[in-house]
Amino acid sequence: MLLLCVFSFFVLMPAAAWLGKKSSRVSTWLAVWPACVAVYLASLFPAVASSGPVEVLFPWAPHLGLSLSIFADGLSLLFGVLITGIGALIVVFSARYFDGKSEAGRFQAILFAFMASMLGVVLAGNLFTLFVSWELTGFTSFLLIGFNYSKAESRSSAIQALVVTGTGGMALLGAAILIEQITGTASIPQLLSGGFQIADNALYPALVVLILLAAFTKSAQAPFHFWLPNAMAAPTPVSAYLHSATMVKAGIYLVARMTPIAGNTELWMWLVMSFGAVTMVMGAWNSIKETDLKRILAYSTISALGVLMMLLGAGTETAIMAAMVYLVGHALYKGTLFLVAGTLEYGTSSRDITQLGGLRPQMPKTALAGFLAACSMAGLPLFLGFLGKEFLYDALLHRTVEWSTIFLILAVGASALLGAVGLIAGVGPFVGEAGKASLHGRIPSAFVVTPLVLAVCGFLAGVYPPLIELPIQLATAGVFRQLPETHLSLWHGFNLVLGLSVLTLALTTAVFFFRVPLRRRLWPQTLTTDWLYQWSIRVLDGISERLLPALQFASLRAYVLALVVVATLLLVAAIVFSGIPAWPKVMAVQPQELAAVLMILGGAISAVRAKSAITAVVSLGIVGYGVALTFLFFGAPDLAMTQFSVETLTAVIFVMVFYHFRSLVFLSPWKIRLRDATIAALFGTSLALVLLFVGTDETPRRLANYFAENGPSLAHGRNIVNVILVDFRELDTLGEITVLTTAALGVRAVLRMGREKKN
């Protein structure tokens, strides 16, 4: 069933494309399947709690030891429920968002593919399966971000996201290869079972860098964060989905999954915590400076991802549990705020917060959803965001490492800024004086219901935390490798953590009310990684413009010459650096074999010295016949027959085509001919030497013995050559049949040409 959960979304892509083109009322039914999958995944939490993780192995290529592995523990299920649950609401929202547009079906199909890819990431039971799904998320997100491909901004943002996250994907592949080399397995359940001393290996620092590079690029950690605000060129449903539950959370999942496998070291802790803290502060700071709603929320997402990284780096039970609570809270309130931003843009055609205000009387339900989400993001009591912030402070207070106080101070400051951002995005557009942007149409019910559902879920989970306690505990156990003893509760008493929460709320209120003068006084960033990326692209484009004319000048002769020169250099280098072996023993040469060799040499010399095209074609045919005779002498009559047929047909066609050509003359200067002759001589000599040493070297005859022993029993044939061609190497034979078929079609075409001329 777990395997069906992943692949069903791929199978349903055609249906999604077809139904997506229908009316919004019809295409809304597409949300039924992701909702059902979310319910099914949620139902597995009690089973995992009682019986342990669920693993499904599907044989893929058993003879190669390859199988498709699905692994579901508390961590996988928590991410899976968020992906499919929020995904169902995004399907409903986007059905109305694209209602009546020709590209609606395309969007729903890509969205289903993206959902399947994300499920593949979090449910993968093998590192290489994880890598394939990881790259699929990059490709499908590229299609989603660049959905409005007619706009240059969308194309540029999609390419940027693909380049940055694709680089991380290559790092993930390198990390998977290193882990398999160190441990001998790529199975995630086996790696989680323990017993592998990965941290003691000399390659461990390189492994950590590769894993974190993959995670940091995907989850927009500084300095790789710049692609995420630029991805706001995507349609609002895409932004809401990518930021709340999917794309940017993939890096968080990777760090969480790899912590018990390759983490829990000082190197891991300091790298993850340091990059997370820098990203947390930088994202919160930049979010205050922006005026576009989606970019404000994008930078606040970067900050929240930094918080999650910092908590995962801390690695304690409280910190991991705090990360899981913060993860769920952020998914609910950030998804709500993005959908509210999309509703505001739909109703007012503006996302500029300086133009929005006083819209609550016209949009009361949307204002309610924004208010609930803003309260959760600000960390007010009775909301899940409050619980996440309490756990965050508690985890940092009890993390006894150097600079823990600095991390705590930075967390308080960033939380205050993020709380103000929540109020700016969720409350600001609906209160105060009316802005220049006014409501100019009716808000569809789908735009009202979907953000309200997410906002109410965040409120209910905050009022009654036991609703999510089991999933949070099991997800924590998936990282910490044991079930935590801490329970979720709304009230923790009067303590320092509560005092820090009150201080944060006071700072949040101050920042919100003084947001306009504060925004004016924040200094701009002059040198950013986005600028460095754009500069690098321009440099590469300039280099390509200089090199392209020199490399691509449409001369087939030059391309062949370059290919032969490179091959010659490689052959000579192989002979020189490998050492010239002792002169091989010359095998016994039969008279007919010597005659075939002389025939080939004579034909080659004649082709070079030919004065007419007909003579050259016939000479090359003689060379081909000599090779066919060689096949025949050494027991390959089938290959000989194929070679004879092809050479005959080639000669006939060439003669008919070249009959009207003029005689061959030397068109190149003698220096060019001397150069070509020298290169040809070196290439032929080096290749002959390599073949001589290889052909006369006594190597074990294991393959020949295998065919001789298994031909009669496995393939039921005693003609070993035929058995090899038809059974053991059937694809090669298929290629030869294709060649013969092509030759037959060529003969027929030539004959038809002759008949047409007569007529």
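Residues are numbered from 1 along each chain as its sequence is written, and side-chain values use heavy atoms, with hydrogens and water left out. Because the model is predicted, local features need pLDDT of at least 70 and side-chain atom pairs count only at pLDDT 80 or more, while totals for chains, interfaces and linings use all residues.

A pair of aromatic rings is described by the distance of the centres and the angle of the planes. Rings of Phe, Tyr and Trp (the six-membered ring of the latter) are taken to pair if their centres lie within 6.5 Å, and planes under 30 degrees apart count as stacked, those over 60 as edge-to-face and the rest as tilted. By this rule the count comes to 21 aromatic pairs. One of them is formed by Tyr97 and Phe98, which are edge-to-face, with 5.1 Å from centre to centre and 70° between the planes. Tyr97 is buried, its relative accessible area being 17%, and Phe98 is likewise buried, with a value of 3%; here buried means under 20% relative accessible area, exposed means over 50%, and partly exposed lies in between (1.4 Å probe, protein chains only).

A charge is said to sit over a ring if NZ of Lys or CZ of Arg is within 6 Å of the ring centre and within 35 degrees of the ring normal. Lys101 lies over the face of Tyr97, at 5.5 Å from the ring centre, and the charged end of Arg106 sits over the ring of Phe147, 4.1 Å from its centre.

With a disulfide defined as a pair of cysteine sulfur atoms within 2.5 Å, the structure holds zero disulfides. The sulfur of Cys5 is too far for a bond, because the closest cysteine sulfur, in Cys36, is 10 Å away. Cys457 is in no disulfide either, as the nearest cysteine sulfur, that of Cys375, lies at 16 Å. Cys5 is buried, with a relative accessible area of 1%, whereas Cys457 is partly exposed, with 36%.

Leu178 lies in helix α8, which spans residues 152-183 (helices, H or I, of at least four residues, and strands, E, of at least two, are DSSP runs numbered from the N terminus). Leu178 is buried, with a relative accessible area of 16%. When its neighbours within four places in sequence are left aside, Leu178 is in contact with Leu203, Ala206, Leu207 and Leu210, where contact means heavy atoms within 4.5 Å.
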